[in-house]
Amino acid sequence: MKKLALLIVVVTACAGVSAYGQMLNEGTMELDVFGSYDSKGAGGSQFQTGAGFGYFLIDNLEAAAAFYYYHDDYTDGYHPALGVQYNFNLVELGLGDSDLLRKTVPFVGGNIGWGIWNIDGADNIDAFVYGIEGGVKYFLATNVALSLSVDADWSSEELWYEKDGKMADSDVAVHWGLRYFF
């Protein structure tokens with residue numbers, strides 16, 4: 001409950017009294033934090049989190065750098081990455097001009113990076129990691145949005161545990177996030 005109250009205070013402070021809208025224009029910058037938790041994952045309790053910084057090169061197209069952290073009962077992993085993300089402005093696409101369409105922004109993206117995994121009882125594993133994502137941002141204010149995405153990643157080595165205890169070279173996760181635009 002304390003965490004929810006803190007989140008509400010932070011979002012309110014960031015939002016100020018600004019009107020709803022989207023900041024997807026060239027030159028806009030974005031900070032985001034995201035993560036997920038699965039208490040019954042293949043590797044036991046799985047926790048993923050990350051933070052990123054993005055810059056809109058042109059309207060709706062963002063280049064970003066991010067750092068991911070992965071943890072389960074057997075593994076700690078680090079994954080710096082570079083990526084791109086395209087945001088769909090539903091109003092500009094001619095789907096209407098309702099309040100909901102102005103606040104909702106679907107997006108797709110991709111990333112490449114390097115994974116460094118420390119698996120209990122084994123040497124560190126380094127691997128090339130690449131992925132795709134799709135999701136939606138919901139703007140609480142002009143400069144603050146909540147996000148939900150599905151991320152699929154592949155790697156050049158087996159990094160992730162599967163339900164049968166074997167290792168895999170791919171992973172799919174659902175991430176929740178908070179994004180701040182300036």
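The structure is a predicted model, in which local features need pLDDT of at least 70 and side-chain atom pairs count only at pLDDT 80 or more, whereas totals for chains, interfaces and linings use all residues. Residues are numbered from 1 along each chain as its sequence is written, and side-chain values use heavy atoms, with hydrogens and water left out.

The structure holds 2 cavities of 30 Å³ or more. A cavity is a set of points, on a 1 Å grid over the protein atoms alone, where a 1.4 Å probe fits but cannot get out; a pocket is an open set with protein on both sides within 12 Å along at least five of seven lines; and lining residues have an atom within 4 Å of a point. A volume is the space filled by probe spheres set on the points. The largest cavity contains about 280 Å³ of space. Its lining comprises 22 residues, and those nearest the centre are Ala-64, Ala-66, Tyr-68, Gln-85 and Glu-133. Two or more lining residues come from each of β1, β3 (61-71), β4, β5, β7 (144-155) and β10, where strands are DSSP runs (E, at least two residues) and helices are runs of H or I (at least four), numbered from the N terminus. The lining of the largest cavity has 8 nonpolar, 8 polar and 6 charged residues; Ala, Val, Leu, Ile, Met, Phe, Trp, Tyr, Cys and Pro count as nonpolar, Asp, Glu, Lys and Arg as charged, and the others, Gly among them, as polar.

The second largest cavity has a volume of about 130 Å³. It is lined by 14 residues, with Gln-48, Tyr-68, Tyr-70, His-79 and Asp-153 closest to its centre. Its lining divides into 7 nonpolar, 5 polar and 2 charged residues.

On the surface, Phe-67, Tyr-78, Leu-82, Ile-112, Trp-114, Ile-116, Phe-128, Tyr-130, Ile-132 and Trp-154 form a nonpolar patch with about 960 Å² of accessible area together. Such a patch is made of residues with over 30% relative accessible area and no salt bridge, nonpolar side chains (Val, Leu, Ile, Met, Phe, Trp, Tyr) being joined within 5 Å and like charges within 9 Å. Accessible areas come from the Shrake-Rupley method with a 1.4 Å probe. Ile-112 is placed in strand β5 and is partly exposed at a relative accessible area of 48% (buried means under 20%, exposed over 50%, partly exposed in between).

In the whole structure, 6 salt bridges are found, each a side-chain nitrogen of Lys or Arg within 4 Å of a carboxyl oxygen of Asp or Glu. Glu-30 pairs with Lys-137, with the closest N and O atoms 3.3 Å apart. Because Glu-30 lies in strand β1 and Lys-137 in strand β6, this pair ties together parts that are 107 residues apart in sequence. Both Glu-30 and Lys-137 are buried. Arg-102 forms salt bridges with Asp-97 (3.3 Å, N to O) and with Asp-99, where the closest N and O atoms are 3.3 Å apart. Asp-99 and Arg-102 lie 3 residues apart in helix α2 (residues 99-103), about one turn of the helix. Asp-97 is exposed at 52% relative accessibility, whereas Arg-102 is partly exposed at 31%.

Technical notes:
Buried < 20%, exposed > 50% of the residue type's maximum accessible area, 1.4 Å probe, protein only.
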